[in-house]
Every structure is written in C-alpha cells, then in structure tokens.
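Please keep the sequence and the coordinates in view while reading.

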Amino acid sequence: MNDLLSVNQFLWSGPLLFLLMGLHIYHTVSLHFVQHRITEALRLSVTSESAGHTHGFSLFGSLTTTLAATLGTGNIVGVSTAVYLGGPGAVFWCWLTGVLGMATTYAESYLCSHFRFTDKKGLPQSGPMYILYYILDKKYLAILYSIALCLSSFFIGCTTQSNAITENCSQIFGISPVPTAIVTAFVVGIILIQGKHWVEKFSMAVVPGMAFFFFGGCLLYLILHWHYILPSLARIFKSAFGIRQTGGGLIGFTLSKAIRYGVARGLFTNESGLGTCGLVAGLSAEKDPDRQALVSMSACFWDTVVLCALTGIVLVAFQLEYPAEWILFSSGSLTCAAFSKLPFFGDEILTIAIVCFALATLVGWSIIGQQGFDYLFHQKCHYLYLTVYLVMIFIGGIMPMSVVWELTDFINLFLLIPSVYMLIACRKYLVAK
C-alpha cells in the first residue's frame, strides 16, 4: 500500500499532471475554445429526440449514459477525499480540470463518433482501441488500452461505487456491508443482463432525477449557511495557489497536494483524456460527430464544472463553520457530516443520492468495460465479463476505502497513455468550428 501511494504521489504530482493539463490546454486552444459552445451543447442534449434507437443510443441517451458512468461517487466521496487530502485549494484545481477537460472530451468523442468500424457480425464498433488498431496501426497499444479498460471497470466502475454504497448504508442505517454488497450486485445484474438498451433506459430515467436531487441538497445547505459562501470561495482560491502565512517550504507542499488531488479527482469524475466518454459516443445513433461531441462535452460540464464545484464549496463551508468536527471524520464521510447539519433528513438525502449515483455508475461503466472485453475476446465470453463484474461489486463493498482510491488513481495511468497517444496522433482529424 505504501509503495502504491508513493508511485501515485510521484505520477500525479508531476508527469501525469503536466501531461493531462497540457492536453486539455492544447485542445482548448486548437479547437478555438470549444467550451464557448456549451449553450448549444445543452440545447442539443435536451431538445433532440430522446427515445431509444434500434441501432444506437439517442443523443439524450448517450448524455445520460455518459453521466451515469461519470456522475458517480467521485462527485461526493471523491471531492471529499480531494479536500481532505489536498486542502480547500483542491476544489479549484478539480474545477479547472473540468473546464479545460471539456475540450478534450469533445475531441475524443468526435474521433470515436467519426471512426466507426464493423465487426465480423456486422455490428458497429468504436472506441480508442479500434482507432489505435485500424487507423494508427498500434496493435499493442490497443490491447493495453482494452486490458486497462477491463481493469478500470472492475475498480473505477465497481469497487469505488459499491464501497461508497456499503459505507454510507452502514453509517446511516446500520446495515452490514456484506448484505448491502450482495443486494447491490443483484440489482445491477438484473439490469445488465437485459442488454445495452436497458442501460440507456435506466440512465435516462434515473440520472436527471438523482442529479437534481443532490443539487438541491447542496443548494439548501448553502442557502442555510449563506454567510460562509464568500469566505469559502476566498479560502479555495487562496489555498489553490499556496497563499498562506507560513514558510516557503510548507507553501510548496500545500500547493502540490492541492493540485495533485484536485486534478486526480477531477479526472476521476469527468474522465477527460481517458477515452471513456468516446466509447459511449461511439454507441450513439447520431451521425454528425460534431453534434455528438458537443453533447458528450456537456456531460463534463454538468459533472465537474457544476456538481463537483458545488460539492467542494459545501465541504469548505462546513470546514470553516465546524473546524473541530472536521478533524473527527474520515476523508470519505465529510460530505455526509456536512449534510447532517441540514434541518431535516440530511443524512437520508445524501445516502439516497450516493446510492443512486453509485448504482448509475455501476450500470454505465459496465457498458464501457464490456467494450474493452469484447475487443480482447472478439465478442465472446459475454457472461464471463458480467460474472466477474458482479463479483467485483461485492468485493469492492467490503474493501478499505484508501486502497480503492489509490488503485483507481494507478489504473487511470494505463487508460490515459494510449488515449493521449490517440488524441495527439489523430489531431489532424479535429476541425474547429
């Protein structure tokens, strides 16, 4: 565990930090700040036909499925962990990663929508691994990415989510993690065994409601504690740049941790640069890559720019108002502690939100991991993947949280490198509009 922590600390405090932020800045500039088209993207996502399609997801279905995969406990537990380990400044770096990452999400979604291939059964396939293999002739990178995709689905998609469900149900309702993990795996299994369109329908039904439910809880907290909003924003920005009345060495250490955990958790929540948003975009029935990429980009906006920022402000406000209580909680329970200050059903509101977020991510990430597994095994052994996926849901529910998050950060590396190579090598196909 200590070795894994050291490796993550080195990678996410230096090399991967510069690589990721450089990638986001490059796409922001090369695509002429595509983020300014967010209003168009939001309009497309809600005004386009939202009914299911026979040969792919609708635009709204692809948005909600992408959000199902990304809008998980990272917006609650992940931000809580970032603030706990990196300080209030981590909120700013997480938010900035989301803003800049919108351009990278657009790029990878555009490429995966533009390049679609047909397998031996005549079914359309898309994703970074197919682009790496057919367009860039990088067979081994395609295999590496697919393996990492499977592992990520078992850890990012399974363990972090089921762990959050069992921990919160245990803390609020006193339910043992084992039965909670079993029930979670059973419910997810019923949905997944029905196929991709059940995943789309589930996402379209659950994601909008759960997002507004959690948004409302955060908004209620900030309204009731409104006098801490401006001090919280000031603390976030000062901490983000190491502005403290301490010695220079401590300033640098504080700043590096804020950036390390803010960027890492920002990546975990919106997955910009990992290629996973492109995998869902490639399943869409939308023929215009630009339209699909815009809708996929809006998922990053809702995920990190809005909800992660809102969660972070709530946490910092709670820290300022209750500093003595702050130190008594673990990194994963701080949001729960903040919501407990609501005048009614605060614990229940957050627990329901976490369960819904986590279930949606468990369902959404199954589709993403399945595509990597299908690439490796040529559309065979479908039920083997589902079996392992459900087993990992159970295992994740009883694993220590610290191990889960550190494994998540490490596995992200093996998705990031092939995906970044694809984005750089295919940059000529990206045209700014």
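**Rings, core and confidence**

The charged end of Lys-341 lies over the ring of Tyr-322, at 4.4 Å from its centre; such a placement is counted when NZ of Lys or CZ of Arg is within 6 Å of the ring centre and within 35 degrees of the ring normal. The model is predicted, so local features need pLDDT of at least 70 and side-chain atom pairs count only at pLDDT 80 or more, while totals for chains, interfaces and linings use all residues. Residues are numbered from 1 along each chain as its sequence is written, and side-chain values use heavy atoms, with hydrogens and water left out.

Rings of Phe, Tyr and Trp (its six-membered ring) pair if their centres lie within 6.5 Å; planes under 30 degrees apart count as stacked, over 60 as edge-to-face and the rest as tilted. Phe-92 and Trp-95 are about one helical turn apart because they stand three residues apart in helix α6 (residues 89–114); helices are DSSP runs (H or I, at least four residues), numbered from the N terminus. Phe-92 is buried at 12% relative accessibility, whereas Trp-95 is partly exposed at 32%. Buried means under 20% relative accessible area, exposed over 50% and partly exposed in between (1.4 Å probe, protein chains only). Phe-92 and Trp-95 also belong to one aromatic cluster with Trp-93, Phe-237 and Phe-241.

Helix α6 holds both Tyr-106 and Tyr-110, four residues apart. Their rings form a stacked pair, 6.1 Å centre to centre with 25° between the planes. Tyr-106 is buried at 2%, and Tyr-110 is buried at 11%.

The largest nonpolar core has 133 residues, and those with the most contacts inside it are Phe-214, Tyr-221 and Tyr-389. Such a core is a set of buried Ala, Val, Leu, Ile, Met, Phe, Trp, Tyr and Cys residues joined through side-chain atoms within 4.5 Å. Helix α14 (residues 289–321) gives the most to this core, with 18 residues.

Finally, confidence: the chain averages a pLDDT (the predictor's confidence in each residue, from 0 to 100) of 84. The mean is lowest in helix α12 (residues 248–270), at 64, and highest in helix α7 (residues 128–135), at 95. Where pLDDT is low, the predicted coordinates should not be read in detail.

Terms used. Helix = DSSP H or I, 4+ residues; strand = E, 2+ residues; numbered from the N terminus.
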